[in-house]
Amino acid sequence: MYEFEFKRPGTIADAVAALGAEEAQMLGGGQTLLPTMKQRLAAPAVLVSLGGIAEMQGVCTDDAGRICVGGGTTHAAVAAATAESYPALSHLAGHIGDPAVRNRGTIGGSLANNDPAACYPAAVLASGANVVTNTREIAADDFFEGMFTTALNDGEIITEVKFPVPVAANYQKFLQPASRFALTGVFVAKFAGAVRVAVTGASEDGVFRWSEAEAALSGNFSPEAVDGLSVSADGMIADLHGSAAYRANLVKVLTKRAVAAC
Amino acid sequence: MPKDSGIGASSKRREDVRFLTGTGNYTDDINLNGQAYVHFLRSDVAHGRLNKVDTSVAAEMPGVVRIFTGADFEGVGGLPCGWQVTDKHGNPMQEPAHPVLAQGKVRHVGDPIAAVVAETAAQARNAAEAIELDIEELPAVIDMKEAVKEGATKVHDDLESNLCYDWGFVEENKAAVDEAFEKAAHVTTLELVNQRLVANPMEPRVAVGDYNRATGDSTLYTTSQNPHVIRLLMGAFVLGIPEHKLRVVAPDVGGGFGSKIFHYAEEAFCTFAAKALARPVKWTSSRSEAFISDAHGRDHVTKIELALDADNNFTALRTDTYANMGAYLSTFAPSVPTWLHGTLMAGNYKTPLIYVNVKAVFTNTVAVDAYRGAGRPEATYQLERVIDKAARELGVDPVDLRRQNFITEFPYATPVAVEYDTGDYNATMDRLLEMVDRDGFEARAAESAKSGKLRGFGVNTYIEACGIAPSALVGQLGARAGLYESATVRVNATGGLVVMTGSHSHGQGHETAFPQVVADMIGISEDMVEIVHGDTANTPMGMGTYGSRSLAVGGSAIVRATEKIINKAKKIAAHLMEASEGDIELKDGQFTVAGTDKSVAWGDVTLAAYVPHNYPLEEIEPGLEETAFYDPANFTYPAGAYACEVEVDPDTGKVTICSFAAADDFGNVVNPMIVEGQVHGGLAQGIGQALLEGAVYDENGQLLSASYMDYAMPRADDLPSFQVDHSCATPCTHNPLGVKGCGEAGAIGSPPAVVNAVVDALQRGGHNVTHIDMPLSPGRVWQAMNG
Ligand SMILES: Cc1cc2nc3c(=O)[nH]c(=O)nc-3n(C[C@H](O)[C@H](O)[C@H](O)COP(=O)(O)OP(=O)(O)OC[C@H]3O[C@@H](n4cnc5c(N)ncnc54)[C@H](O)[C@@H]3O)c2cc1C
């Protein structure tokens with residue numbers, strides 16, 4: 001790790017100001033950023049911690065019935081707060097990493113990072129959530145732009161995420177044996193009018209919606225509805241832990257399991 | 001009735017109090033006055049010519065004390081190899097130079113190029129980044145079969161080729177073996193990979209060098225399994241420091257699994273630099289550094305063939321193995337695929353003819369050396385896999401085929417140069433089958449099928465050669481060291497004992513088990529015995545801990561030294577009781593005169609030894625301290641039978657271990673709880689190899705699995721609750737304790753059981769899969785099922 005200056009503002013406004021400095025970077029829970037800094041692959045001159053900003057903490061429900069999670073809320077806090085109101089989200093948050101990761105890592109950090117194997121992007125995309133920043137509100141469908149890329153501008157802070165609550169939902173995470181991130185993960189969310197299926201861990205383009213499955217499931221919400229569909233291995237990730245064909249297979253298997261569990 | 005102390009008791013591990021409460025003293029806990037820190041600049045390319053190492057800018061960076069490069073080590077020895085293998089033509093192996101810091105070329109990712117010593121670790125690292133390198137990249141030699149082809153790029157320009165040796169064993173038997181294959185009624189052939197592993201002890205390596213200008217003494221504190229071996233190798237071969245001017249201390253060590261046997265460049269560097277700079281120099285490995293600088297394990301590519309007659313008797317076995325040495329020869333690397341592997345190819349079976357061929361190959365990868373089991377897991381895996389495949393091809397039960405071919409008479413001289421002293425392979429197999437309820441398997445399989453899972457059962461046996469090793473024998477085989485063990489037993493005036501052992505505990509529990517032996521012999525409380533180990537300044541020359549040798553060899557030395565103590569104490573007791581020495585008996589800490597009611601206590605005798613007022617000074621010296629060196633007459637041969645039951649999810653390829661049972665014959669057992677713990681740990685590592693672990697290089701020599709993001713270590717929830725048993729004991733016939741050793745068994749015996757079970761599950765599920773290479777990750781198993 002190189003030396004850096006550390007700031008811990010108490011408000012979003014102060015954070016924005018602090019981020020105006022040369023080579024300043026936000027620090028959420030540090031579960032991704034700190035290891036990268038230790039390896040000297042990132043070297044911010046100023047680290048602006050979002051941990052002291054009260055308005056970015058906690059979970060509440062808005063007038064539209066949406067679950068609103070502060071951008072600085074830890075995975076453990078989300079798991080605890082949504083156990084009744086949105087069990088699938090709670091379960092997802094409660095199975096990220098290990099207790100240390102869940103007690104430090106934040107939803108804002110996870111979404112901003114948009115790791116192709118991360119869990120939250122699947123929940124956000126399948127739920128049709130809105131990502132709220134210090135300057136605007138971005139629909140999930142417009143937020144994720146490929147592996148490690150999002151619609152966020154430099155210095156834009158995720159302050160809140162608003163989740164519409166589905167009638168039924170389930171997240172199936174198939175563990176990568178070493179990291180225990182999602183080798184592939186599928187989040188199925190059934191709403192009154194439609195079904196949304198979001199897949200993480202599989203595609204070279206990051207999290208995506210499996211629209212064929214959505215269409216099939218909207219007509220017949222049962223595992224068998226997916227049987228006739230096939231997932232192409234083109235563009236799927238191939239690495240030590242699984243071939244592209246294997247991941248394509250997992251997409252289908254996990255989708256069926258998620259539907260069965262809804 | 002379980003005993004509550006002495007041999008056979010499950011005494012609680014006394015060392016755990018400090019290990020579990022954070023009060024251990026590990027090498028990284030040692031900080032000396034005026035200490036500087038070293039950071040090694042390591043190669044990030046696998047193979048290249050080192051045209052220039054420019055340290056001029058870096059040398060001016062804040063805090064830099066001095067920067068060393070290969071040039072500073074020109075007059076210094078290289079890291080030695082402790083074992084010379086002779087090839088099948090009678091020629092010595094090719095042995096490349098191994099400089100402390102790279103000279104002329106870099107040969108693997110992680111090869112140290114320069115060492116920056118600075119006031120702080122961060123300053124050292126900062127300066128290392130400012131070193132300018134001019135490396136001309138060369139093609140990386142990664143695949144072993146490509147490496148030995150005519151015209152392949154050479155890892156070492158001054159060697160003839162990348163072939164370290166081509167070993168045939170027993171070469172004289174080759175023609176007879178080939179002939180037996182011609183005549184065989186059935187031949188089963190299997191090609192497999194025993195994949196490369198990274199040992200990953202919990203504590204990464206650390207070294208602190210120190211130099212005393214007043215006395216000219218050097219001290220090295222290091223994470224080692226064998227401090228005396230390091231003192232000898234580093235002192236005599238690398239730095240030219242006589243042993244009486246060099247002290248090596250290996251304090252608490254957090255696991256080694258073999259990877260801390262070897263003498264590493266960083267140890268030599270810290271000792272050398274401490275003298276050059278006249279101040280202590282410390283290095284602490286990061287986990288990332290460990291992946292590219294600790295010796296790796298396994299990495300064999302094998303073709304094995306088993307010949308059977310019409311009655312399914314094994315008639316011959318033939319193997320052809322490529323063994324990866326990596327870029328340099330690590331300390332014991334050449335012995336692992338040869339003498340620790342070829343000699344075990346008979347397994348538990350009376351196959352009369354065996355021929356083993358091993359080609360050891362240099363590649364642009366991290367050096368490969370002994371890792372828990374070392375050679376014996378590789379032998380067991382291929383043998384037990386090919387037998388399983390043969391059973392399937394012949395349509396016979398895999399247990400029956402094994403039983404039919406078991407060795408049943410002992411001692412048994414194998415065709416691969418070793419003699420098993422004792423064993424009972426049917427007994428461990430019987431015990432195993434009792435443990436696993438094989439008859440209930442079909443019902444369990446039907447239950448699994450209800451949830452769409454395929455269930456499979458796998459069984460195997462293993463044998464290992466432990467208690468390493470008879471010095472004269474290993475000397476003939478090319479070892480450049482003896483493999484005895486030593487102990488000094490010092491009795492204090494008030495009766496307590498300190499045992500200074502050459503064995504080294506890095507988690508095994510010596511501090512608990514060794515006192516059980518000594519206390520039992522004298523009949524006193526275990527609390528009266530303390531163990532000292534790990535410091536060449538206060539222990540006799542010993543060879544350290546590996547190869548399940550500590551109790552069998554080190555413990556035997558302790559027994560011999562304690563016998564000497566008891567003999568002398570009896571002389572003193574005889575004098576005190578005015579009796580004849582031959583009539584003295586020692587029981588429960590009391591000396592008595594046979595046939596009388598006279599007695600003196602242990603403490604009275606020890607006091608007399610140090611306060612010799614009434615003492616036979618004309619016959620014996622005062623004091624009570626004895627040393628013994630024990631050189632074993634043979635290896636010990638722990639053996640056993642293991643079984644695994646798995647469930648495979650055909651949709652995802654995920655393997656779940658439902659149960660795992662191990663029936664081991666370790667001979668006599670001193671502490672059953674410690675033995676059980678050793679087996680649990682071994683099984684975790686063996687199952688880790690079978691299902692999870694694997695070090696993978698890409699074709700450019702970059703290690704893809706270079707962190708825990710991609711190198712999968714076994715976790716508790718990957719493992720079932722083990723059933724372990726060691727009641728089938730045939731005591732070793734040639735050491736005083738009758739013990740065989742248990743440290744490696746679990747890791748040796750478990751991989752084939754797991755793979756056999758998975759193949760069984762897939763075959764039952766109608767998949768024509770005869771083999772899958774480890775690790776049996778979900779992706780690989782699914783791929784095998786789906787072409
Ligand atoms: C051992 C381990 C296991 C893990 N397992 C999983 C897993 O199973 N599934 C999973 O999904 N993840 C997993 N993670 C990742 C974890 O969820 C991280 O918490 C997450 O990726 C990053 O969140 P963070 O708050 O720690 O962000 P940081 O590391 O602090 O920051 C990450 C990036 O986001 C930026 N950032 C942080 N907060 C904000 C914000 N509010 N607005 C905009 N940008 C911001 C930072 O500047 C940085 O670029 C694991 C991590 C570890 C270490």
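## The ligand and its polar contacts

A polar backbone atom of A:Arg180 sits 3.2 Å from an oxygen atom of the ligand, a polar contact in the sense used here (a pair of N or O atoms within 3.5 Å; within protein, one must be able to donate a hydrogen and the other to accept it, and residues adjacent in sequence count only if both atoms are side-chain atoms). This is a predicted model, where local features need pLDDT of at least 70 and side-chain atom pairs count only at pLDDT 80 or more, while totals for chains, interfaces and linings use all residues; side-chain values use heavy atoms, with hydrogens and water left out. Residues are numbered from 1 along each chain as its sequence is written, and chains are lettered from A and ligands numbered from 1 in the order in which they are written.

A:Lys173 reaches the ligand with its side chain: an N or O atom there is 2.7 Å from a ligand oxygen. A:Ser110 uses its backbone instead, with an N or O atom 3.4 Å from an oxygen of the ligand. On its own the ligand exposes 960 Å², and the protein buries 89% of that (accessible areas by the Shrake-Rupley method with a 1.4 Å probe; for residues, only the protein chains shown count as cover).

## Who lines the shell

There are 29 residues around the ligand, and A:Met26, A:Gly29, A:Gly30, A:Leu33 and A:Thr106 come nearest (a residue is near if one of its heavy atoms lies within 4 Å). By class, the shell has 13 nonpolar, 13 polar and three charged residues. Here Ala, Val, Leu, Ile, Met, Phe, Trp, Tyr, Cys and Pro count as nonpolar, Asp, Glu, Lys and Arg as charged, and the others, Gly among them, as polar.

Which element gives the most to the shell? That's α6(A), with four residues. Helices (H or I, at least four residues) and strands (E, at least two) are DSSP runs, numbered from the N terminus.

A:Arg180 lies in the loop between β9 (168–175) and β10 (182–190) of chain A.

Chain B has a cis peptide bond between B:Phe169 and B:Val170, with omega about -5 degrees. B:Val170 is in the loop between β7 (163–169) and α5 (174–183) of chain B. Another cis peptide bond joins B:Met774 and B:Pro775, with omega about -5 degrees; B:Pro775 falls in the loop between α18 and α19 (778–785) of chain B.

## A helix pair in chain B

The axes of α17 (residues 672–692) and α18 (residues 745–764) of chain B come within 7 Å and cross at roughly 40 degrees. Axes are lines fitted to C-alpha atoms, for helices over the stretch in contact, and angles run from 0 to 180 degrees between N-to-C directions. α17(B) and α18(B) are therefore oblique to each other (under 35 degrees counts as roughly parallel, over 145 as roughly antiparallel, 65 to 115 as roughly perpendicular and the rest as oblique).
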